[in-house]
Amino acid sequence: MVNTKINTPDIDQKKGTHMNKSIVLTNGLLMKHDAKTAHGLIRGTERFEIAGIIDCAETAGKDAGELLDGKKRNIPVFASLEDALAAVDQVSYLIIGVATIGGRLPGNMLALVERAVDAGLSIVNGLHEYLTDKPELVAMAASKGVQLIDVRKPKTLEQLHFWTGEIFRVEALTVAVIGMDCAMGKRTTARLLRQACEANDMKAHMIYTGQTGWLQGGRYGFIFDSTLNDFVSGELEHAIVSCWKETGAEYIFVEGQSSLRNPSGPCGLELLVSGNAKHVILMFAPKRRYFDYDPRWGEIPSVESEIEIIEKFGSKVIAVGIHTEGCSPEEAIACQQEYTARLNRPVLLPVQQGVDEILPVLKKLRAEKLQSM
């Protein structure tokens, strides 16, 4: 029963049937940036039914949505696995809800994972440290008839695609959501854009490029940082082309990873060049000074300089989005006004205000693209 594939039919879009009822493990990290996988799942997923968060005594008894961004989502936080299982019926999965630097499983989580397996839960793991590489855990899972699902495990060579140039046939408007650093709200904004389009009869899809996007129910995409470098361009192209061909998407939003100039993992030009994304929404956090909050990694450059780089590669930054960490509501609005004047383009507050403001721009750009083809 040990499973290493991420597109297994038994966890494919069955939310609401109780077969995918899940609890998410953060183990004291819920309010930290390392829990961004959990944050995404709290905000929404079509693949799982999130019934609770296992964190710590300090957050237990509270609503996870209210802790995250002030919005009640009826997702309770528990202090322990035992508390969660006592309160929630018919749980099938424990999802590891953290994304640590280097993708290592925090040492204090393994024993809890073992207890979850012993309780009959399958484990969904988005870290680079694979549970299926742990023989004792594999044997335990087999004896309990449950799955160990390593979302980030690389595809086999036979499953990978090489770049072909077919991307230039895509008629959908392809928009890359790129950030000035890691954890800037790229995936959340791409998801909000897709949802806003759907609500306004605009046929849209999102291309996920990380494990959380798949966990949230993404149909098209790949795990960027576990893909052999020779095939990154091809996997990106294959995801976009497949999405367009199979769905007739009019708008495709591609989730960015890291940033153009984060020295620990520069990323983003692939979306512009190999993915032919000629339009960009750029995310930044006005109060974050250093890449990954670490002065040793250098200061994050100005938004203007990032726009200049992107546009030298032939893509247009059509809007900027603000990740408001550390900002009061008043500061966020003031920042929005300041950058609107500075940049002479729309500046979004995606979580606070949504993204509807950019929809007329997207409609106009797609009409122009179709006329030019």
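Where do Arg-194 and Glu-198 both lie, and how many residues apart? I found both in helix α6 (residues 186–199), four residues apart, about one turn of the helix. Helices here are DSSP runs (H or I, at least four residues), as are strands (E, at least two), numbered from the N terminus.

Before going on, I note that this is a predicted model, where local features need pLDDT of at least 70, side-chain atom pairs count only at pLDDT 80 or more, and totals for chains, interfaces and linings use all residues. Residues are numbered from 1 along each chain as its sequence is written, and side-chain values use heavy atoms, with hydrogens and water left out.

Entry 1. I looked up the Arg-194 and Glu-198 side chains, and they meet in a salt bridge at 3.2 Å, N to O. My cut-off: a side-chain nitrogen of Lys or Arg within 4 Å of a carboxyl oxygen of Asp or Glu. Arg-194 is buried at 14% relative accessibility, while Glu-198 is partly exposed at 41%. I use buried for under 20% relative accessible area, exposed for over 50%, and partly exposed for in between (1.4 Å probe, protein chains only). Shared partners join Glu-46, Arg-191, Arg-194 and Glu-198 into one salt-bridge network.

Entry 2. Glu-235 and Lys-155 form a salt bridge too, 2.5 Å from N to O. This pair links distant parts of the chain, 80 residues apart: Glu-235 sits in helix α8 (residues 232–247), Lys-155 in the loop between β6 (148–150) and β7 (173–179). I have Glu-235 as buried at 2% and Lys-155 as partly exposed at 38%.

Entry 3. By this rule I get 24 salt bridges.
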